[in-house]
Amino acid sequence: MSSQIGFGLVAAIILVSALFVVRSKNLIHAVLWLAVTLIGTAALYAQLNAPFLAGVQVLTYVGGVVTLMVFGVMVTRRHGGAEAPAESDSDEKGFIFATALFVVLALAIWKSPVPLPVQAPIATTNQLAHALLDDYLIAFEALSLLLLAAIVGAVVLARRRDPDPVSGEEAGAAAPTRSTTEVVP
Amino acid sequence: MTLTGCITLAAALLCIGIYGLVTRKQAVAMLLSVELMANSANILFAAFAHFRGGASAQVFVLFALAITVAEVAVGLALVMLIYRRHGDTTLDLASEAKQ
């Protein structure tokens, strides 16, 4: 019974803050509401007997991704502030589409027979470590390569081009037709 | 807390993310909506790990987390690039590839 109440509370927090994420006019507020959503998800993981996932969620998402997003908003906002422009005319269409999709998904979920939960042994962090570094070691290493490639790619994409020694202009701005991913030596 | 409840929660979160992705025009706001959708998939993995057993599903959540972080890094780099070129992050401006 108490787990039902806890789940309802966490689900309400997640859904309400997610609605604020997509409706906030101020982008900084939207990012902070996303942090609330992610913390609520971490609480849900803790309820689902996955304490390690809850910790990783708080560390990487709330600590890393949200900080990165705040930087992204503050670096790219215009001088007038972080206010988002008026919502597009696809507002009603998006609402109708999302609601219809949810109705279809909910019908499918509630109509389909859910298999009875097996009384599975709770996966401890010890078992998780063995699975991660034993059964899925190759995928783990491939993931580290993917992260390295993503970091290098992000740096190459976002770095400011060195000024051209001849004209003194930025290479990226001077030649709009050339590939933006090209590395200027 | 039931498996059906968790799946319904994940479906609702996915639909909220889709709503944000369709209605927003700012690139950072669209990235936030993508985060919501990835989060709903993670909730599904964790719920099935709890109700069906096994540590493998939790490993999948860890992999999905890392991939999402990589996606955010590259996405924000692209946002910086669009902002530097157009002075705004509205994604409708980034239409050079059409020409």
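The model is predicted, so local features need pLDDT of at least 70 and side-chain atom pairs count only at pLDDT 80 or more, while totals for chains, interfaces and linings use all residues. Residues are numbered from 1 along each chain as its sequence is written, and chains are lettered from A and ligands numbered from 1 in the order in which they are written.

Let's start with confidence. Over residues 172-180 of chain A, pLDDT stays under 50.

Now, the two chains together. In chain A, 73 residues are in contact (C-beta atoms, placed from the backbone, within 7 Å) with 58 residues of chain B. That side of chain A comprises 54 nonpolar residues (Ala, Val, Leu, Ile, Met, Phe, Trp, Tyr, Cys and Pro), 16 polar and three charged (Asp, Glu, Lys and Arg), with the others, Gly among them, counted as polar.

How do helix 3 of chain A and helix 3 of chain B pack? Their angle is about 5° and their axes are 10 Å apart; helices here are DSSP runs of H or I, at least four residues, numbered from the N terminus, and axes are lines fitted to C-alpha atoms over the stretch in contact, with angles from 0 to 180 degrees between N-to-C directions. That makes the pair roughly parallel, a label for angles under 35 degrees. Among the residues making this contact are A:Leu53, A:Gly64, B:Leu65 and B:Tyr83. The contact divides into 14 nonpolar residues, five polar and no charged.

Methods: Contact = placed C-beta atoms within 7 Å. pLDDT = per-residue confidence, 0-100. Helix = DSSP H or I, 4+ residues; strand = E, 2+ residues; numbered from the N terminus. Parallel < 35°, antiparallel > 145°, perpendicular 65-115°, else oblique.
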